[in-house]
Amino acid sequence: MNLTDRDLQKVSWTAVPARRLYEAEERLRRRALCGLAPPFVPFSPRERADASSVMRDARSVVVFSVPYGHPDPPDSQSSSSAPRAEVSRSSWGRDYHEVVKSAVWDLLPEIVGRNAARRAHVQADAGPLEEKAWAIRAGLGGVGENTCIYVPPYGSWVFLGLAVVDVNVARPDDSPHSHGSVCSGCRSCIEACPTGALYAPHRLNPKRCLSYLTQHKGFLPRVLRRAMGNRLFGCDTCQAVCPANDDVCRGLTAFAPEDMDVGIDPFSILQMSEEDFRSTWARKSSGWRGRRTLQRNALIVCANRGDTQEIDRLLPHLEDRRPVIRGHAAWAVGEILQRTGSHPGRSLEEGIHGMIQSEPDPRVRFEARRLLAGIS
Ligand code: SF4
Ligand code: SF4
């Protein structure tokens, strides 16, 4: 993809020798032992902290920060209707994997020379090396109590990318250099975290974090569904409340929100065919876990809107061929009825009884039984 010069000027970079990061490796090992290893990362602590795991003769690691922050469009939540579904900023606009890699490949030849750039290992989020550890080592930014890296003047709204090369790269004269804290210690992020995933300064339990849970496939823990609120994919809360993110500059235009990224009607997600999905959401980072995951999340958003008038529109999903959709639809109907203190009426109650009789999946039967128990 083509990035403009103006966009590329917003990308900052610095470089460090490709030495093994023993401290980071030890931290990752400890976290893994405590069951706090980050999800979706199939690499060992050693692979994540040692550049030779991707290039045997690695000499330097060039670390890039690619800003993505954009303000909410003014009419993204209409005050007169039920809350619309939300996607976190990191999934607005173009798929960040593609944009970050494109920025790195555009800038790298000037930094290391054309030949070395050809041999480089480039990654953006999906490679073995832990980008944040390398960015901290390189002094690209400081870390807040919400565990995010902050790179002035863009705050924590930055993606990281890196390139491992087999030549020595000097730190540029105007290189960002920050090892200090950007954080006032105000604890707003910890207090605002809806699930307690951020349980202490610099301590994050990824298994309770909605950024992860909204990407997790399958049945979500019942106790965390309410905490999802109207989040369809991702969570911005611990960054949005942070005063260090006030008045920061906008990121690349490639990350400006498209119409489909904001003010989303959850029923449009539920009605989306596989073809619709492939031509829209599948192109975006929010679509990487597939249509079913988004539709399950949309059911949770509907439940949390708590509108009894929407129950009729949820009922067809009790007959979906996918158990995770049937199960979350049953939960959503029960949740709305319970929260509003409404009674479903005789025909729905009989329908749920019938569903329990014929339902082959025990997880869906469980949800349907809970529905009945909550209303009878
Ligand atoms: S992303 Fe959301 S759920 Fe995760 S730590 Fe931040 S506020 Fe908590
Ligand atoms: S919200 Fe407060 S404690 Fe959390 S990262 Fe920002 S400044 Fe630090």
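How many residues does helix H13 have, and how far does H13 reach from its first C-alpha to its last? Select residues 291-305: H13 has 15 residues and spans 21 Å, close to the 21 Å expected at 1.5 Å a residue (1.5 Å times one less than the number of residues). Helices here are DSSP runs of H or I of at least four residues, and strands are runs of E of at least two, numbered from the N terminus.

You are looking at a predicted model, where local features need pLDDT of at least 70 and side-chain atom pairs count only at pLDDT 80 or more, while totals for chains, interfaces and linings use all residues. Residues are numbered from 1 along each chain as its sequence is written, with chains lettered from A and ligands numbered from 1 in the order in which they are written.

Stay with H13: twelve of its 15 residues are buried, so the rest of the structure largely encloses this helix. Buried means that 20 or more other C-beta atoms, placed from the backbone, lie within 10 Å of the residue's own. Among the buried residues are Arg-296 and Cys-302. Now show the cover, which includes helix H11 (266-270) and helix H15 (323-340).

Next, go to ligand 1. Around it are residues including Cys-193, Cys-209, Cys-235 and Cys-238 (C-beta, placed from the backbone, within 6 Å). Helices H8 (210-213) and H10 (237-240) each supply at least two residues of this shell.

Finish at ligand 2, surrounded by 14 residues; the closest are Gly-144, Cys-183, Cys-186, Cys-189 and Cys-242.

Notes
Two residues are in contact if their C-beta atoms, placed from the backbone, lie within 7 Å.
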